[in-house]
Amino acid sequence: MVKTNNHVSAIGAVSNVNAASNHQTVIDCDKDGADEKLLKNGNLSRNGLKNGEKSEYDRTMTEDINRFLRDRPLTEDMTCGFWIFKGKFLQRFANQTSYVILYGLVGCVFSMTYSYFNGTITTIEKRFKIPSRNTGIISVGNDISQMLVSAVLSYYAGKGHRPRWIGFGLSTIVIFCLLMAAPHFLYGPGDDALALTAEFGAIADENATMEIIEGQRSKTLCRLRDGGAECVQGEGNVAPQLVLFLAQFISGIGGSLYYTLGVAYMDDNTKKSKTPALLSLSYFLRMLGPAIGLALASFCLRLYIAPNLHPVIKMKDPRWLGAWWMGWLIIGSMILVSGIFLTMFPKQLPRAKARRMIEEERRKQREIIKSKTQKEKDKLISCLEEEKPVEAKASFKDMLATFKRLTTNKTLMYNTFSSVFYLFGYTPYWIFTPKYIEIQYRQSASISNLVTGTVALAFSATGVLLSGFVISRYRPRARYMAAWNVIVGFFTVVGCISYAFIGCPGNEQSVIVNIHDSSLSNATTCNSACHCDYVRYSPVCGENKMTYISPCHAGCKKEHITSTGQKYFYDCSCIPISINKEEKSIYDGLTSMDLTAVANDESDVQVTTLASHMESLDVDISGVGGRAISGACPVNCFSQFVTFLVVMCFLKFIGATGRASNFLVSVRCVPEKDKTAAMGFGMMMMSMLAFIPSPIFFGWVLDRLCLVWGKTCTNKGNCWLYDPESLRYTLNITASVFVILGALFDCGVWYYVKDLKIFDEEIKEIEMKIVQHEEEINAEKKTEI
């Protein structure tokens, strides 16, 4: 209900109520839709103020808030701190700026946990002999707990002191960090790691390290008599794996409380026009976490797993184990300290509480002024004075009623399913992009991680910040923001489909997969006697310019390592000898003088050494087989890689611009009291329908495209080589189908948000404009009379 007044600045002001009551016309906006009609007829402009100019309403509101905080004492729910940790010093930080910065920094530290886990997982697997498939199960533990508890927790916690509930959630993250480090303290560094330290009798021996390295190298060659490379042992003790899974499961509880309550508290305690900018700032701070987490992982892994001992080996030794556990203690300590400060925030920020109380007082005054007779006014005043807003207490019955409201909210459900399908389709890119770049465009692992971890992150951060400040400045209507999400969705679809056509033909046609399986065929092949079943994937480039899975699969029996570390392989039975001398340019640096073979007493493997060069200068190897060099054959995929990078950065940027608008629609389409429950419900849906099933589904899809599988003693190992062309089409087209479904649901959101108000100013501006319009009509009527 809205009143009109000759002086817009006096709307709701208690001192002007009686003076204004004689010049009022009452309009029921909700019933008659007068505001929409006026806007559609063109009688009112969308925004009568210049950008950055404060309205009279904002100026009077600011004055009233300052007067309220100056004249009234702070209540318990506006007081910063707890127990003996209270006072004026802490109270000065009870504002939205302090909260947003601290909340973003906590998110930054929290997001470090994901990248630190990914950065140290190979060391954890090596220490506890954990298969990669088990690692995948461990990593989804947090999604499982979010699916189970996020909706219920957010409902009950949303009714209480939210900063303290967030503090409780962060305490579970601290427990998660301690549990992640616990296997080290429960089981120690391991006997193998201790045996390599001076304190346990080991002697520094560079030759021993070289023997280990040479032994591993020799396992990649064709071994004719001793049965080939040994199989990889299966998994070790299951107890450390259970501890790690429990840790991940607990982290999901803290994560759900942090994400749902944190942004809801931010939205409730800031002006709605400032929410997008502040939300984007917190997102930006959280985005810094993964890069810092990887840097911390790199630092910790440079330290030996037992820092108090003195290892006799160096980092280049394959037996080296880094201090993977140390980073968890550092991250846990940072979350503990920042979590304590975050818990000190009051239940409601003082200025936000004052604003709500003043707006409630003004609402009551408008209701009083509406009454036409003094008797009605007196009666209404009495009722309003007795009226006290009562919030329903948390109960199982009320929770069911809340979720029933949410599930029947069409805008919320369309928006939730849009996010589910979008996340389902985009999950493989988050997980698989570095490996995808390695497979498709022959880029190194360091380049692939650099691109995804820094370049792409920079574009995402820019998109988030820019969109937040644009929305805060121009305050677009809900339908415009929903329309932008539709555009973002279809741009993403186009980008995913374009990925399917950005391939490198030379890469896809240069790999030879010649795996001999004696169980399927007894036919003799060029490498059937080499026993390559358990040889790891280590590609080599033959002089025929084709890439082979490993020296063993190429039938290579001899190896030479130059002073620069470059490896050459000879006597390769699967590689035809090149006749064209021009094609031998990469091998011309070696002559027969360099290729002296020294017989290995234990096997047929012959490893040449520089010390033996002078012992046999006239060895003729021209007729014993082809030659190869370590590494896949060079393929020029740079232009395709740059094209892929441009498309990826564009999609990262455009996708990030939709985050703030998507959040605003999801929290504005539900009643204020259901906001946190709606966010928890959305997290539950996304975990149940996207985060858990998507990796399983796309893992199944990718497994069907595998060309070369590793083997363990008891089972099939990880995939070593995928079919690049099939991977490119299948992965991108399948992902684009799910993103299309998400974009279609965004169209439904666009349809249902036509009457949704995102900002308070939208309603207030319309009220003031309708006031002026009604007074003009009344003045015209009086003139006619």
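How close do the axes of helix H9 and helix H12 come, and at what angle do they cross? Before you look, note that this is a predicted model, where local features need pLDDT of at least 70, side-chain atom pairs count only at pLDDT 80 or more, and totals for chains, interfaces and linings use all residues. Residues are numbered from 1 along each chain as its sequence is written, and side-chain values use heavy atoms, with hydrogens and water left out.

**Stop one: H9 and H12.** Select residues 162-187 (H9) and 239-268 (H12): their axes come within 8 Å and cross at roughly 160°. Axes here are lines fitted to C-alpha atoms over the stretch in contact, with angles from 0 to 180 degrees between N-to-C directions. The pair is therefore roughly antiparallel (an angle over 145 degrees). Their contact has 26 nonpolar, seven polar and two charged residues; Asp, Glu, Lys and Arg count as charged, Ala, Val, Leu, Ile, Met, Phe, Trp, Tyr, Cys and Pro as nonpolar, and the others, Gly among them, as polar.

**Stop two: Ile-65.** Jump to helix H4, residues 56-71, and pick Ile-65. (Helices are DSSP runs of H or I, at least four residues, numbered from the N terminus.) Ile-65 has a relative accessible area of 1%, so it's buried (under 20%, with a 1.4 Å probe and protein chains only). Now show Arg-351, Ala-354, Arg-355 and Ile-358: Ile-65 touches them, meaning heavy atoms within 4.5 Å. Draw a C-alpha line from Ile-65 to Ile-358: 7.5 Å, though they sit 293 residues apart along the chain.

**Stop three: Thr-123.** Head to helix H6, residues 96-128, for Thr-123. Thr-123 counts as buried because its relative accessibility is 10%. Leaving out residues up to four places away in sequence, Thr-123 touches Leu-301, Leu-321, Gly-322 and Trp-324.

Definitions and conventions:
Helix = DSSP H or I, 4+ residues; strand = E, 2+ residues; numbered from the N terminus. Buried < 20%, exposed > 50% of the residue type's maximum accessible area, 1.4 Å probe, protein only. Parallel < 35°, antiparallel > 145°, perpendicular 65-115°, else oblique.
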